[in-house]
Amino acid sequence: MKYSKTLIPTLREAPSDADNVSAQLMQRAGMIRKVASGIYDWLPLGLRVLRKVEKIVREEMNAADGQEVWLPVIQPKQLWEETGRWPVYGKELLRLKDRKDAEFCFAPTAEEVITDLARREIRSWRQLPAMFYQFGLKFRDEIRPRFGVMRAREFLMKDAYSFHADEADASAYYKRMYDAYKNVFKRCGLKFKPVEAQSGAIGGSFSHEFMVLAETGEETIVSCTKCEYAANIERAEVKDQYAAPSAASFKPLTEFNTQNKTTVADVAALVGRPTTDFLKTQLYMIDGKVPVIALMRGDHELHEAKLAAAVGSPALYRASEAQYQQVMGCKVGFGGPQGHDGVAVYCDFATRAVLNGVTGANKDGLHADGFNIARDLPGLKGFADLRSATSEDPCPRCASRTEFYKGIEVGHTFKLGTKYSKSMKAEYLDKAQKPQTMVMGCYGIGVSRVVAAAIEQGHDKDGIVWPAEISPFDCAVVVLDEADDARVRPAVDALLKALAAAGLDALEDDRDGKPGVKFKDIDLLGIPHRLVVSKRTLDEGSVEHKRRGAADATRWKLEEAASRLKQALSGA
């Protein structure tokens with residue numbers, strides 16, 4: 001492909017609203033252009049990378065006995081009502097009406113549509129297991145799209161769905177897809193880690209996220225230094241390792257004035273005590289009606305997903321200031337867990353060990369000292385893991401030390417069970433000709449997100465550093481001195497022919513321009529290898545080879561260049 005005939009509109013500076021590395025470099029390299037908030041054109045260079053990722057994913061899905069389908073992006077409301085997700089999904093779901101005033105949505109995912117297909121077409125146990133997958137546009141109306149295609153509203157996704165006769169078969173296939181996902185990201189040349197995760201709006205009993213490791217990642221990963229345990233910060237388990245203090249050490253519960261200070265840090269500074277001596281009281285509402293209290297140690301952070309799991313309701317939201325004052329009987333910041341009859345209190349494990357703690361007194365301007373859960377919360381039912389893990393927490397599996405990484409989610413696998421098949425009556429006839437509910441799995445890869453994540457992981461001051469497996473081209477052939485030396489064009493044509501015969505894809509930089517400008521563009525585009533043909537190299541019967549990011553260039557014999565590059569790309 002000739003550079004001069006291809007739309008590669010590089011930029012010296014990234015647009016001012018490009019808010020992370022991949023957004024900056026994808027626009028500077030002419031891969032994408034912004035159309036509207038969270039919506040992008042994919043230009044030829046970007047699309048080549050996207051299709052390479054798609055090819056790898058498709059090959060691994062086919063190897064896992066997947067059957068490719070094409071599902072509609074416009075989905076009818078009634079299917080979503082069957083699963084109860086139409087009112088629950090929230091404002092991310094783009095709802096629309098057709099000319100007949102029938103309601104639809106633009107697909108953010110496809111569980112309802114594929115389950116509807118399965119219940120209509122799968123009749124017998126002989127048709128199971130079955131896995132169907134597709135590559136399709138998805139739309140999620142993010143409240144604040146950011147990071148370019150990393151968190152766009154419109155994106156390309158591979159979503160797959162499997163149907164099984166029973167839980168055992170679904171679990172075995174889940175492991176197969178887990179391994180297929182590892183193959184995908186290995187083949188994409190990425191450093192990644194699978195981690196246990198929350199299932200979120202998709203639902204199901206168990207899930208894994210596949211995280212590309214990058215310092216710029218917005219997700220936090222907790223990983224054991226000894227065993228294979230890894231989880232995102234939402235899912236990371238914190239074991240109960242706390243002993244209750246002796247009642248003999250309890251002090252009387254007293255109240256004191258905190259001079260209108262409300263935060264743990266401010267009150268701790270006022271009284272000269274560590275934040276570990278404090279108990280934070282946080283109020284939440286279920287469906288905006290039923291209050292629940294979460295009690296945390298002063299130095300720990302509540303994780304709302306864990307609280308929602310403990311409460312057993314996803315419809316859990318932080319109480320408003322008015323709700324807080326109504327339930328707690330005081331201004332925000334002065335509430336404590338004591339004395340609220342009928343309000344459920346959920347205590348994190350770590351609060352069990354707090355002796356004579358400080359908490360709110362449920363009176364404006366006052367806090368309570370000498371608070372002890374065993375004495376002052378007599379109706380408490382128990383303790384739970386409610387907080388985000390810290391570096392001090394040991395591995396929940398083997399008790400070894402843990403490490404924290406930053407990562408970017410590029411894939412997610414779910415064990416759905418019968419969440420969708422039961423509500424939509426997706427049944428098959430077993431060997432005894434009795435109806436049984438299908439068991440499901442769900443597996444997604446953000447194909448466009450993989451492209452951005454690869455850049456977040458691979459870049460330097462000069463531009464993108466692609467893994468060779470998904471680079472838009474295997475190499476760039478930079479043409480110099482063509483107007484001054486008649487040998488250059490035949491040599492370039494012979495080299496391009498040899499590269500093509502070796503199965504290598506080359507971008508021919510045939511533009512007029514100074515060598516330095518061309519070299520800077522090729523580095524910006526991130527192409528792994530650069531071959532230069534010029535008067536000087538031909539005087540030696542060679543081409544100049546430089547690997548992206550290498551300090552120095554080397555000379556290869558012209559007739560050996562294609563075979564040597566083939567070896568370099570194969571790792572030989």
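Once neighbours within four places in sequence are left aside, Met31 is in contact, meaning heavy atoms within 4.5 Å, with Met26, Asp41, Trp42, Leu43, Leu45, Gly46, Val49, Val451, Ile455, Ile464 and Trp466. This is a predicted model, in which local features need pLDDT of at least 70 and side-chain atom pairs count only at pLDDT 80 or more, while totals for chains, interfaces and linings use all residues. Residues are numbered from 1 along each chain as its sequence is written, and side-chain values use heavy atoms, with hydrogens and water left out.

Met31 also belongs to the largest nonpolar core, which has 65 residues, and there Met31, Met177, Phe185 and Trp466 touch the most other members. A nonpolar core is here a set of buried Ala, Val, Leu, Ile, Met, Phe, Trp, Tyr and Cys residues joined through side-chain atoms within 4.5 Å, and buried means under 20% relative accessible area, with a 1.4 Å probe and protein chains only. Helix 5 gives the most to this core, with eight residues. Another core, of 21 residues, lies apart from it and includes Leu79, Ile114, Leu128 and Leu416.

Helices (H or I, at least four residues) and strands (E, at least two) are DSSP runs numbered from the N terminus. Helix 1 (residues 21–28) is largely enclosed by the rest of the structure, because six of its eight residues are buried, namely Val21, Ser22, Ala23, Leu25, Met26 and Gln27. These buried residues pack against strand 1 (32–36), strand 2 (39–42), helix 11 (447–457), strand 25 (459–460), strand 26 (463–464) and helix 13 (515–525). Just after helix 1, Gly30 takes a positive phi of about 70°.

Helix 2 (residues 44–63) packs with helix 5 (residues 167–187) at an angle of about 155°, and their axes are 9 Å apart. That angle makes helix 2 roughly antiparallel to helix 5, a term used for angles over 145 degrees on a scale from 0 to 180 degrees between N-to-C directions, with axes fitted to C-alpha atoms over the stretch in contact. On the side of helix 2, Ile56, Val57, Glu59, Glu60, Met61 and Ala63 meet Arg176, Met177, Ala180, Tyr181, Asn183, Val184 and Arg187 of helix 5.

In the protein as a whole there are 15 helices and 31 strands, and 52% of its 572 residues count as buried. Along its principal axes the C-alpha trace spans about 95 × 70 × 50 Å.

Definitions and conventions:
Angles under 35 degrees count as roughly parallel, over 145 as roughly antiparallel, 65 to 115 as roughly perpendicular and the rest as oblique. Buried means under 20% relative accessible area, exposed over 50%, partly exposed in between (1.4 Å probe, protein chains only).
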